[in-house]
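Here are my notes for your read-through.

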Amino acid sequence: MKIKIDQYAVFGKRRKYEILVFPECEHMYVYDAYPREEAYEMEGNKDAIRNVMIASAVLAEDPSKIIYFPCKKKDTYGKLNLEFNLVMLRPELKFRRSEWYKLKSRIDKKHWAGKYVLNYNQQKLIDQDRKIKDSWLYPEREKRG
């Protein structure tokens, strides 16, 4: 299955970043669940969850990408809006959070680099997940014990 996503090439402070922008999903919410948890949470319908799964597959295949979900809703009732946009990346990218605000303003037609095409192969993702789990479980140490 081939999936196409908008790709932008934006120059940051020291290097060029490739940002994939997913289309805005009407029923996707990212919010701070402070009183209950000390983390951010995401909720959404089937399309939103599917897009997050596709983004995870992209990041598993290419760790140099930044994934951006524009899901922050407008404040329609005049209340304090505690919703956020979702940005996903891998820790290997060595990306500063403060640099995102400059990059976000540069996502426009001028920096559009075409469509990113993902060949979605579920078995490849399962094999890669198994390889990562095996490297973290240290099977050779268990044999010595």
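1. Tyr-40 is exposed, with a relative accessible area of 56%. The cut-offs are these: buried is under 20% relative accessible area, exposed is over 50%, and partly exposed is in between, with a 1.4 Å probe and protein chains only. Phe-84 is partly exposed, at 32%.

2. A word on the basis. This is a predicted model: local features need pLDDT of at least 70, side-chain atom pairs count only at pLDDT 80 or more, and totals for chains, interfaces and linings use all residues. Residues are numbered from 1 along each chain as its sequence is written, and side-chain values use heavy atoms, with hydrogens and water left out.

3. How many aromatic pairs does a search of the whole structure find? It finds four. Rings of Phe, Tyr and Trp (its six-membered ring) pair if their centres lie within 6.5 Å; planes under 30 degrees apart count as stacked, over 60 as edge-to-face and the rest as tilted. Phe-22 and Phe-69 are stacked, because their ring centres are 4.7 Å apart and their planes stand at 20°. Phe-22 sits in the loop between strand S2 (16–21) and strand S3 (28–32), and Phe-69 in strand S5, so this pair ties together parts that are 47 residues apart in sequence. Helices (H or I, at least four residues) and strands (E, at least two) are DSSP runs, numbered from the N terminus.

4. Phe-22 is buried at 3% relative accessible area. Phe-69 is buried too, at 2%. The rings of Tyr-40 and Phe-84 make another pair: with centres 5.3 Å apart and planes at 85°, they are edge-to-face. Tyr-40 belongs to strand S4 (residues 40–44) and Phe-84 to strand S6, so the pair ties together parts 44 residues apart in sequence.

5. Asn-51 lies in helix H1. Is Asn-51 buried or exposed? Its relative accessible area is 11%, so Asn-51 is buried. Not counting residues up to four places away in sequence, Asn-51 touches Phe-22 and Phe-69. Contact here means heavy atoms within 4.5 Å.

6. Ile-66 is in strand S5 (residues 65–69). Ile-66 has 0% relative accessibility and therefore counts as buried. Leaving aside neighbours within four places in sequence, its contacts include Tyr-17, Ile-19, Val-87, Phe-95 and Trp-100. Ile-66 and Tyr-17 are 49 residues apart in sequence, yet 7.5 Å apart in space, C-alpha to C-alpha.

7. Lys-65 is also worth a look. Lys-65 is found in strand S5. Lys-65 counts as buried because its relative accessibility is 4%. Among its contacts, leaving aside neighbours within four places in sequence, are Gln-7, Glu-18, Val-58, Met-88 and Tyr-116.

8. Next, the pockets. On a 1 Å grid over the protein atoms alone, a cavity is a set of points where a 1.4 Å probe fits but cannot get out; a pocket is an open set with protein on both sides within 12 Å along at least five of seven lines; lining residues have an atom within 4 Å of a point. Grid points are joined across faces, edges and corners, and a volume is the space filled by probe spheres set on the points. The largest pocket has a volume of about 640 Å³. Strand S6 (83–84), strand S7 (86–88) and helix H2 (100–105) each give two or more residues to its lining. H2 gives the most, with three. The lining has 15 residues, and Asn-85, Val-87, Arg-97, Trp-100 and Tyr-101 lie nearest the centre.

9. By class, that lining has ten nonpolar, one polar and four charged residues. Ala, Val, Leu, Ile, Met, Phe, Trp, Tyr, Cys and Pro count as nonpolar, Asp, Glu, Lys and Arg as charged, and the others, Gly among them, as polar. The second largest pocket holds about 260 Å³. Its lining has three nonpolar, two polar and eight charged residues. Lys-13, Arg-14, Tyr-17, Arg-96 and Glu-99 lie nearest its centre.

10. There is one cavity of 30 Å³ or more. The largest cavity holds about 70 Å³. H3 gives the most to its lining, with three residues.
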